[in-house]
Structure formats: structure tokens, C-alpha cells
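Please look at the sequence and the structure below.

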Amino acid sequence: MKQLWKIILLQVGKWGLLKNVSLGLLSGLCSFLFINLVTRVVSLLTANELKTISKEYILAFAFTILVYIWVRRSLALAIIHLSQSLFWKLRKQVLSLVLQANYQQMSGLKVRISSVLVNDVNVLTNTSLSLIEFVTASIVSTACLIYLISLSPALFLITLGIALLGVTVYLVGSGKNNLYFEQSRSLEDSFIDELNSVLHGFKEIYMEPKKGKYIFDHKINTIARTAFSNNTAAFTGFLNNQITGQVLFYILISSVLLFFSIQLGIKPAATVNYVFILLYLLGSIETIMVLLPNIVRAKVSSGRLMDLKKELEEANFSNPVSETYMSKEEFCGISVNELEFNYAGASSPFSIGPINFSIVKGETVFIYGGNGSGKTTFIHSVLGLCKPSSGEIKLNDVNIDDNNYPFYRTVFSVVFNDFYLFDEILVADHFDLDKWNYFLYLFEMEEIVQIDGLRFSTTALSTGQRKRLALIVALLEEKPVLVIDEWAADQDPYFRKKFYTEIIPILKKQGVTIIAITHDDRYYRCADKLYKMEYGILSEEDVNVSEEKFIS
Ligand SMILES: Nc1ncnc2c1ncn2[C@@H]1O[C@H](COP(=O)(O)OP(=O)(O)OP(=O)(O)O)[C@@H](O)[C@H]1O
């Protein structure tokens, strides 16, 4: 509950919260004033003391109703604003943390991030709509209880005893109910995981529907069954509490009317007033009981949101947008000394190194090696995506550490093996229409894709075409070093030859330094330097020796 309030307080601020709670209080006060007026008039009527139309009471009723309308409307508007701003503020906060997060830790958080953004933020927003109502009902209940003392301290003690009994029943069941909600909330992550499998593996499922049936029958059904029974058990627990509360109340009212008022010799008018207030109190308590399950769910969601935020903040590399960029002319080279990296936490952790490697301005370096030998891991370490466990990286002889990593990363433009093609150019700083047209021509894409502003006419392309477009985008960034991971693997033999024998020399002439992971042994000679990766160890080879090996 504390976390839930903390989240709301962080979003609306102290004054915003005070304003909303004050409006809630005022609304509760209006309702209380109304019932107070009603009981007074009822007392006067039962005592036969109200014989003429009373202007005072008409004015009092009219005033209370008008104030109530104004307060309720202001409160409703404030709550709408609060929930909408909470919804977007929470989403934006999580996303901005995601954009700053450490790549390695981020990879393991994707499912949780989606489920927090889609599920927990919604639960929190919906609850924020009812939270003020909850506070108002609690205040009204407290005011009613205080009023009850003034009517009859003896009856109040009896009421308090029954209320304590209700609270005990609630507390006994609530631990179990919370646990059920927590368990079904964790299942939501598993559901998103399976949903991703279905959406990303849809082609495979389409070809063999048994795969889809397996996921549906064995995974989704199990999740649905367990979540259903958990949620049903939690809601039933709350319903039982609600019914127990109501029954206790009805028993209290009946016993006040039929037993205690007689036994304690309380006047009929006081008894009627007391029962009136009790009925009114019942309304507020029912509101509280109905809202409680939502509040408990919001408590679970706020816990998950805070945990995720904490993890993202801890994982935070502080990856600000770099103020300065290195030009191709300023770039001299990168050297890697005794670099080591291992995937900590993996069941059989793979490691690379110690590795020594260097590249100077204008050079083209190829790295080859068997599947799983560690080429991509090494490139990720050089790019600063994976932080090396030891060793050093130098850019233009300057050591790279946590402070200059953001700047260092901007030296590279990359087409990853599992690249993502955005449907527009997101960084317009270097966009040059003439260059775009030139690269389009060089990569033979001018008939296939056009640009409208900064948006591509299409990204519904073949894999080879998508890779060409991704490489054009990388080249337009005008960064000193181009890194490509098995880029040519999806190109046809004609274009592969063109890439290695024509395009790479053109790029070299333009001053681009290139690091490429490649299995195209036929073209190793096109590199200035060739490295082989084997079991995480990188060794330099002679480009021509390789060619001889290939020919023989
Ligand atoms: N995120 C990760 N966590 C743990 N281990 C990983 C992770 N990514 C890769 N590995 C392990 O690191 C090893 C090297 O993988 P890497 O992708 O670097 O190989 P590669 O040489 O690029 O292979 P390929 O030619 O098949 O692309 C593999 O055995 C893999 O299991």
C-alpha cells in the first residue's frame, strides 16, 4: 500500500495529492452533512416537532446538494486528470529507463517490460480512479463512527466489537487472497512470453499447426487454468469477506433494534438515528469492500513496477545522447588489449579472450570462424554493448571507461546479424538526399524503395533487400567505423561479388573503416587484415594464405 501511495505521490506531487484528498474529504463531508440533516428532520418528524414547512431546512438541503454536486464534479475531473497523467507518466518513465538501460541486462527483461507497460500500468491507472473514492469512503466511515459515539457510547462499543470481528475475518483471509493475486500476476508474464512465441513463430505454426496446438493445449491452457483458479479464489475470498461484513452489519442492526435498545433503555428517536447512521455507514463500508480487491491488485502491480524500475535503474549505464561526434577525419584507430568477456550467470558460461586486436583509419578487417566461436560476442564487446570483464579498449590512444563509453559508441554504425530496420531515418543530422540517391544507385535499390521526407516508401522487402537498405542507412550516418555481421550472407552471388570487389573499395576511398564478420572465404583477400576466431581466441591470418587455402 505504501508503494502504491508512493507511486501516486511521485506522479501528482504533494499538493496535487492534497488537493484530491481535500476534495475527497469535502465530498465525504457533504454526504455526511446530508445524512445528518436527514436524521435531524426524521427526529423532528418522529417527535412531531416539525409542523410547518421549514425554510431553514430547505436552504440547508439545497446548499448541501449544490456543494455536493460541485465537489463531486471537481473530484471526478481531478481523478480523470490524475489517472490519465499517471498512465502516461508511468509508461514514459519506464520507457525512458529502458532507453538508458544496459544492453546485457535489458535482454533478460523484455517480457517483464512489456507486461508491466501493458498490464501493471493499466491496473494502477484504473485503481487510481477508485483510490480517492476509497479514501472518501474511509473518511465518511470514520466520521460516522465518531458521530455514533455521540449518539450512544454503549451502542458504539457494541458496534466497535462487531467491526473488530469483521476486520479480523478480513485479515485472516487477505494474506491468502494477496498471494493468489501475486501468483496470477506472475502468470501474466508467462502468457506474454507464449504470445510472443505465437506472434514471432506464426509462419512455423502456419506450416505445422500441431506446433500451435501444442502451445495452446500445453502452455496457454495451463496458464489460463491456473490464473483462472487463482483469480477466482482471490475474488471469492474477497466476496466472502464482503458477505461476512454485510451479515455482521445486519445482525448488528437487528440486535440494536430488537435487543440492545430495550436492554440499554435507549430512547426510540436515538435508536432510529443510530440505525440510520449505521445504514449509511454500511454503504461506505460496502464501497471499501468492493474496492479492496482492485487495491490489492494495484498493490501487486505497484510492487512489480517498482521492482522493474529499480532493476532498470541499477542496470543503468547512464547512456546519455553524446554531445560530440567523432568525424572520419578525426578517427585514427581502435586497439584492444588483453580483452576478456564472459556471459556471467549462464549455465555453461562462454568466454572470449584474452584478445589483442587493432584497426587503423581506412582499414578493412574481416573476422571469420566457426559457428559459436565467439565472433559476435567479440564484436559486441568492441562496440561496448557487452562490457569486457578485463582488458582495455583504446580509441585514438584514449582509454575507454564508463565515462566515455557513450561517446565511444557513436564512432560506429552497425548492421547487426539480427538487425532491426526502422521504417524511417531516425537521425536526420547527416541526411543528405544526394548521398541517399547515390547509395540507392550503388546498392541497386532505386527501383525498389523511395524516400518521402525521412520515411521509406516500403520496408516490405526481401531479406537481401532489407539488408541493403539497412546498410544504406548505416552509411548515411557518416560514422568513422562501419561494423557488419554476416551482411553478405543473404546477397545473391552477383551482388556479393559486387559488394566485396566494388563497394568495399569505394567505401575505403570515402574513408570508411570497416570491421566485417564474414564466412565468404572467396573474398577474404578483399580485406587488409584477416582474423580467425576459434573457441573465443582471435588470431591474425594472412589474407593471401587464406586465398591459397581456398583455391587448393
Ligand atoms: N546472451 C548470451 N548469454 C549467454 N551465452 C551466450 C549469449 N549469446 C551468445 N552466447 C554463447 O556464446 C557463444 C558464442 O556466440 P557468438 O554469437 O559470439 O558466436 P558466433 O561466432 O558469432 O557464431 P555464429 O557464426 O553462429 O553467428 C555461443 O556458444 C553462445 O551459446
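Q: Does Glu338 count as buried, exposed or partly exposed, and why?
A: Buried means under 20% relative accessible area, exposed over 50%, and partly exposed in between (1.4 Å probe, protein chains only). Glu338 counts as partly exposed because its relative accessibility is 43%. The model is predicted, with local features needing pLDDT of at least 70 and side-chain atom pairs counting only at pLDDT 80 or more, while totals for chains, interfaces and linings use all residues. Residues are numbered from 1 along each chain as its sequence is written, and side-chain values use heavy atoms, leaving out hydrogens and water.

Q: Where does Glu338 lie?
A: Helices (H or I, at least four residues) and strands (E, at least two) are DSSP runs, numbered from the N terminus. Glu338 lies in strand S1, residues 333-342. Its phi is near 50°, a positive value in a residue other than glycine.

Q: How do helices H7 and H8 pack?
A: Two packed helices are described by the angle between their axes and the distance between the axes. Axes are lines fitted to C-alpha atoms, for helices over the stretch in contact, and angles run from 0 to 180 degrees between N-to-C directions. H7 (residues 209-263) and H8 (residues 268-314) pack at about 170°, with axes 10 Å apart. H7 is therefore roughly antiparallel to H8; angles under 35 degrees count as roughly parallel, over 145 as roughly antiparallel, 65 to 115 as roughly perpendicular and the rest as oblique.

Q: Which peptide bond is cis?
A: The bond from Gly353 to Pro354 is cis, with omega near 0°. Pro354 lies in strand S2, residues 351-360.
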